[in-house]
Amino acid sequence: MCGIVGYVGHRDCLPILIEGLKRLEYRGYDSAGVALHGDGALQVVKAAGKIRQLEAKLLEHPVKGRFGIAHTRWATHGEPNDTNAHPHTDEARQVALVHNGIIENFATLKSALIAEGHVFTTDTDTEVLAHLIEKYLKRGSKLERAVGAALRDVEGTYGLVVMCATEPGVLVGARNGSPMVLGIADGEYYLASDVAAIIEHTRQVIYLDDGEMAVLSPDGFHTATISHELVEKAVHDVDWDLSQIEKSGYEHFMLKEIMEQPDAVRNASRGRILLEEGLARLGGLNLNDEQLRDIRRIIILGCGTSWHAGLIGEYMLEEFARIPVEVEYASEFRYRNPVLDEGTLVLVISQSGETIDTLAAMREARRRGARVLGVVNVVGSTIARESDGGVYIHAGPEIGVASTKAFTSQVTVLALLTLLLGRVRGLSRDYGIEIARELHALPGKIEKALQARDAVRRIAELYGRHDNFIYLGRGFHFPVALEGALKLKEISYIHAEGYPAAEMKHGPIALIDENMPVVFICTRDSAYEKVMSNMMEVRARKGRIIAVATEGDHEVQTRADHVLYVPATIPMLQPILSVIPLQLLAYDIAVARGCDVDQPRNLAKSVTVE
């Protein structure tokens, strides 16, 4: 969640920190703050609200220095206000730190520190860390040693950066469950919770692993465990550039990312489709054909949009690879006693590769002996590093909190995996070639689906003030109904529910009247006539019908109030096209309602706390 950036170098660091925060604001925007070392003391300025509130405060209270830390918050402990904003300090304001994560034993630690005479001023768990570090500094430890000692006392997750008034030029960063990356430039060093904060300044990065620290000074850096054992870390080159995290003329990142989907899906399948053979090539799986044939069961783990992609993957894999598949909420998986046998393959899906629930579930699956593959977007992410193999979706940076291009790219990769598994397990070459050709044609068809933009905007103007929506689909389109409803909820704050269309009459039909918009995903497939019958049931009760249908289908116009057309493809790939108008509908309704599309309330992009 929260965004963190730190800098040590030869330049005035405030502009660097503020710009880094702006590139991280999608990770949390309840409050923001900075701490710099200047005039022999720590200077801390923080403000509730978005970064512009912090900038306004900095005009009144300017600060300057060559090393510092900054934070944009997604609140867990303590309401979003000036006091609870990061950075947090000790009583003497000798220590300042920024933190992403949750200190689970903070109440116990806080009670012990109060008994020792410490005075707390915030409602946060993070403040405990500042006082713990102060405690060890008073015992004569240097900052690095004091941070390590404090972290050995805590239970929970953290990505943090600490500075101290008595050691100017030194920053200490550490991670356990929350990402932390070290950036290396010419005489300058950075710490951040996301590469996006520092990509303008360097492409040379080191990813910290759990239980590791990085110590920065103007003279260089070193990495170690929190028990102070030196660790040699590989330096990685970031392979994307600054333009990919800018709006490029679009009003919102979400709209930009919706419109980028032809390229995102093209990149997800580039070099992986063997058209003439009807095969897929996924070298990162680290599995040979014999091992693929030995898979007896697949469990797919994900949260939110990734879970919806997994449901579509379940339908694909069971139909064409003939493997039993279960799709589980990652947040629930490790809190029961799942059955994992020798023939079970676990797929974990996460855009960021840092989703804490998915990461914890993956570790539990590995602990139980399962082979785990990751489907992630961010190169160098924790899931990518800790899984046994996997596939990058190559969607490029996704800044909008509501995921769009990551979803369609995830489904594309699951289709490639289905093609690969299907062919090694008996799927015919002819049908393999058909799937490969349709995968190859998808980007062009997505471009056509995006042409519904004007029609979607007109519908949004008509229905933007409604308070409830129902989304209905069958087969491959049930997960699309769930995803369409989720997008509307996330960014417009309208109550929306997705259901299998046949389930409508088992309860939800009671909600339908002339004020209830009902969105049907009704493309031409084996369930078409059944969905058309469900549409008539809604029409008989005066519900307002918005249909997503196949190009050229005029029959649906006799039953729906509004029709949004998408190109036809094979059923397993149709969700990638059918979801496009639903993404646009959510976007345009949110804009019509005056909502903050890219930074919806209470949400953040990368969920790194439980």
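**View A. The bridge between Ile299 and Glu326.** In this predicted model, Ile299 has Glu326 of S18 as its bridge partner. The two strands involved are S17, residues 297–302, and S18, and they pair in the parallel sense. Five bridges join S17 and S18.

**View B. The five-strand parallel sheet.** S17 and S18 belong to an open sheet of five strands. Its order is S18-S17-S19-S20-S21, and the pairing is parallel. S18 (325–329) and S21 (389–392) are the edge strands. Each has a single partner strand, so one side of each lacks a neighbour in the sheet. On average, neighbouring strands here are turned by 20° against each other, direction ignored.

View C. H9 spans residues 305–320. This helix lies across S17, S18 and S19 (344–350). H9 runs at about 175° to S18. H11 spans residues 356–367 and lies across S17, S19 and S20 (371–376). Its angle to S19 is about 165°.

**View D. The eight-strand antiparallel sheet.** Another open sheet is built from eight strands, with antiparallel pairing. The strand order reads S3-S2-S4-S1-S10-S9-S11-S14. S3 (41–48) and S14 (236–237) form the edges, and each pairs on one side only.

**View E. The S1 and S10 pair.** S1 covers residues 3–8 and S10 covers residues 189–192. Four bridges connect S1 and S10 in the antiparallel sense. Gly6 stands opposite Leu191, a residue of S10.

View G. H16 runs from residue 478 to residue 492, with 15 residues in the helix. From first C-alpha to last, H16 reaches 21 Å. That is close to the 21 Å expected at 1.5 Å a residue. How many of the 15 residues of H16 are buried? The number is 14, so the helix is mostly covered, with buried taken as under 20% relative accessible area. Tyr493 follows H16. The phi of Tyr493 is positive, near 65°.

Technical notes. Residues are numbered from 1 along each chain as its sequence is written. This is a predicted model: local features need pLDDT of at least 70, side-chain atom pairs count only at pLDDT 80 or more; totals for chains, interfaces and linings use all residues. Side-chain values use heavy atoms; hydrogens and water are left out. The expected span of a helix is 1.5 Å times one less than its number of residues. Buried means under 20% relative accessible area, exposed over 50%, partly exposed in between (1.4 Å probe, protein chains only). Two strands pair if DSSP finds at least two bridges between them. Axes are lines fitted to C-alpha atoms, for helices over the stretch in contact, and angles run from 0 to 180 degrees between N-to-C directions. Contact means heavy atoms within 4.5 Å.
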